[in-house]
Amino acid sequence: MKQISPSYVVYGSHDDKFHEECGVFGILGHPDASTLTALGLHALQHRGQEAAGIVSFDGRQFYTEKHMGLVGDHYTNPVTLAKLPGPQAIGHTRYSTTGEVALRNVQPLFAELEEGGIAIAHNGNFTNGLTLRRQIIATGAICQSTSDTEVVLHLIARSRHASTTDRFIDAIRQMEGGYAMIALTRTKLIAARDPIGIRPLVMGELDGKPIFCSETCALDIIGAKFVRDVKNGEVVICETQADGSVTIESRMPARPQPERVCLFEYVYFARPDSVVAGRNVYTTRKNAGMNLAKEAPVVADVVVPVPDGGTPAALGYAQQSGIPFEYGIIRNHYVGRTFIEPTQQIRAFGVKLKHSANRAMIEGKRVVLVDDSIVRGTTSLKIVQMIRDAGAKEVHIRVASPMIFHPDFYGIDTPDRDKLLANQYAGDEAMAKYIGADSLAFLSIDGLYTAVGGAARDPANPQFTDHYFTGDYPTRLVDKESEKPGRKESMLAANG
């Protein structure tokens, strides 16, 4: 449980889901840059709800607005947007995976360098970020945040290259892990994606001006055109020229490697209407449900999704199995992530604050409950009980992704390995008994692979990043491997 302030307590750490990552958005050369960035961040809100920030440049100086909370809580205010003038801007919506919840960690982070100011925002995590942080502190650097993004700024500042672009490339060559990063200088918008493409990043265009963002849904909301995915290992440099035109240069500083997009983008993180690496997310989730029905059939009366993530998979399961689909659970979309000084009685309401059973669709029926994933099982336990309380005769859980055995180190906030349900119980029957279901089954790894990419997993050369299921980490885990028992970073606690 993370303490924000004495009056607000975050309950996200108790959710039975992998926590969101982050979302980035940037645009160069458009008169409505900040407004468009705010709209883009709104479309990416599902990737992080703790805080959001925007940095703009008006040709003379940089401006920044950073706030805890949702994008719509702050950036719909014309007064706020008026404080972000200029034709170029980048923004970030955040869920913390590195560093505590504090305003100083809200991105984009800004620094004044020899060549001028630079702002940086990224989605993902550097697996050697802490190691590099210790190294630069040992040589006299002063870190003001606990975000691994600040390490990139230090590396850029220390680079011996002349141009900002070359300094930026020099810095990211030293970083390992999964990331999608954008940077803003006085004349440039720079985008970069990690060498194997774990995190998504797309390029768009609006009125002839370049845009980079985490998902295509952020382009759709502003009516921008999708141009292409940023390639894994690619750095794209967009620069405003003296005549107002924009030049675009692509560099490939990393050694070419096969792309391995994170499978959880398709399972849970990306919005259903987004296209990730050429694949419609809604379609992949529906395919996963169809494969699940083939692999784990059950005699039942109704297929019910756990909203909202389980809905496309439940539709696929119902279509494949011939069992009717019904909304047996209704989600309350107006429940936020926090409560003001909640009482123990309110805490005890648990899942019912977000979900309510639709008794008319459940009572007296054998229910197939379809979810996108199960991490710890705590929420599943409560939902099963809620369905039984609504009169269900049987409850069969079907999960449209494999069992999760391993934590993530690439930007997804995950529980410790021993907190994962799959590591606490031996097999589906034991897990079903804990959750209170009549049966429990997970989609196989090949079932998920074929749903997303059309072919079974190649163990020698996996087509996707899937370590949380398989333990096959696609990069070195430098910080994890160098951990010393009892070692802890000295961090200043901060509120607000």
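What share of the 496 residues in the protein is buried? Buried residues make up 54% of them, where buried means under 20% relative accessible area, exposed means over 50%, and partly exposed lies in between (1.4 Å probe, protein chains only).

Before selecting anything, note that this is a predicted model, in which local features need pLDDT of at least 70 and side-chain atom pairs count only at pLDDT 80 or more, while totals for chains, interfaces and linings use all residues. Residues are numbered from 1 along each chain as its sequence is written, and side-chain values use heavy atoms, with hydrogens and water left out.

**The whole protein**

Start with a cartoon view. It shows 18 helices and 24 strands; helices (H or I, at least four residues) and strands (E, at least two) are DSSP runs, numbered from the N terminus. Show the surface next: the protein exposes about 20,300 Å², and carbon and sulfur atoms supply 52% of that area. Accessible areas come from the Shrake-Rupley method with a 1.4 Å probe, and for residues only the protein chains shown count as cover. Contact means heavy atoms within 4.5 Å. Of the contacts with a separation of 6 or more, 68% are between residues 24 or more positions apart.

**Cys22**

Select Cys22, which lies in strand β3 (residues 22-28). An unreviewed UniProt entry gives this residue the annotation "active site"; such positions are given in the numbering used here, feature names are shortened, and annotations may be inferred rather than shown by experiment. Cys22 is buried, because its relative accessibility is 7%. Leaving aside neighbours within four places in sequence, Cys22 is in contact with Arg47, His92, Thr93, Arg94, Tyr95, His122, Asn123 and Ser214.

**Thr164**

Move on to Thr164, in helix α6 (residues 164-172). Its relative accessible area is 14%, so Thr164 counts as buried. With neighbours within four places in sequence left out, Thr164 contacts Glu115, Ile118 and Thr185.

**The largest nonpolar core**

A nonpolar core is a set of buried Ala, Val, Leu, Ile, Met, Phe, Trp, Tyr and Cys residues joined through side-chain atoms within 4.5 Å. Which members of the largest nonpolar core touch the most other members? Among its 43 residues, they are Leu263, Phe264, Tyr266, Val303, Tyr317, Val368 and Tyr468. At least two residues of this core come from each of α8 (264-269), α9 (281-295), α10 (311-321), β22 (366-371), α16 (445-453) and α17 (467-470). Apart from this core lies another, of 27 residues, including Ala111, Ile136, Ile172 and Tyr179.

Zoom in on Leu263. Not counting residues up to four places away in sequence, Leu263 touches Ile445, Leu448, Tyr449, Val452, Phe464, Thr465, Asp466, Tyr468 and Phe469. Then select Phe264, in helix α8; Phe264 counts as buried because its relative accessibility is 0%. The C-alpha atoms of Phe264 and Ser373 are separated by 9.5 Å, although the two are 109 residues apart along the chain.

**His467**

His467 is placed in helix α17. At 0% relative accessibility, His467 is buried. Its contacts, not counting residues up to four places away in sequence, are His406, Pro407, Asp408, Phe409, Tyr410, Asp472, Tyr473 and Pro474.

**Helix α15**

Select residues 428-435, which form helix α15; Met431, Ala432 and Ile435 are buried there. They lie on the same side of α15, because they cover an arc of only 100 degrees around the axis, the arc being that of the directions from the helix axis to the C-beta atoms. The buried residues of α15 pack against α13 (378-389), β23 (394-399), α14 (421-424) and β24 (439-442). Turned away from the buried side is a face with the exposed residues Glu429 and Lys433. Just after α15, Gly436 has a positive phi of about 95 degrees.

**Salt bridges**

Side chains of opposite charge can pair when their charged atoms come close. A salt bridge is a side-chain nitrogen of Lys or Arg within 4 Å of a carboxyl oxygen of Asp or Glu, and the whole structure has 19 of them.

- Asp438 and Arg388: the closest N and O atoms are 2.8 Å apart. This pair links distant parts of the chain, with Asp438 in the loop between α15 and β24 and Arg388 in helix α13, 50 residues apart.
- Arg60 and Asp58: the closest N and O atoms are 3.6 Å apart. Arg60 is exposed at 64% relative accessibility, whereas Asp58 is partly exposed at 25%.
- Asp418 and Lys419: the closest N and O atoms are 3.8 Å apart. Lys419 is partly exposed, with a relative accessible area of 40%.
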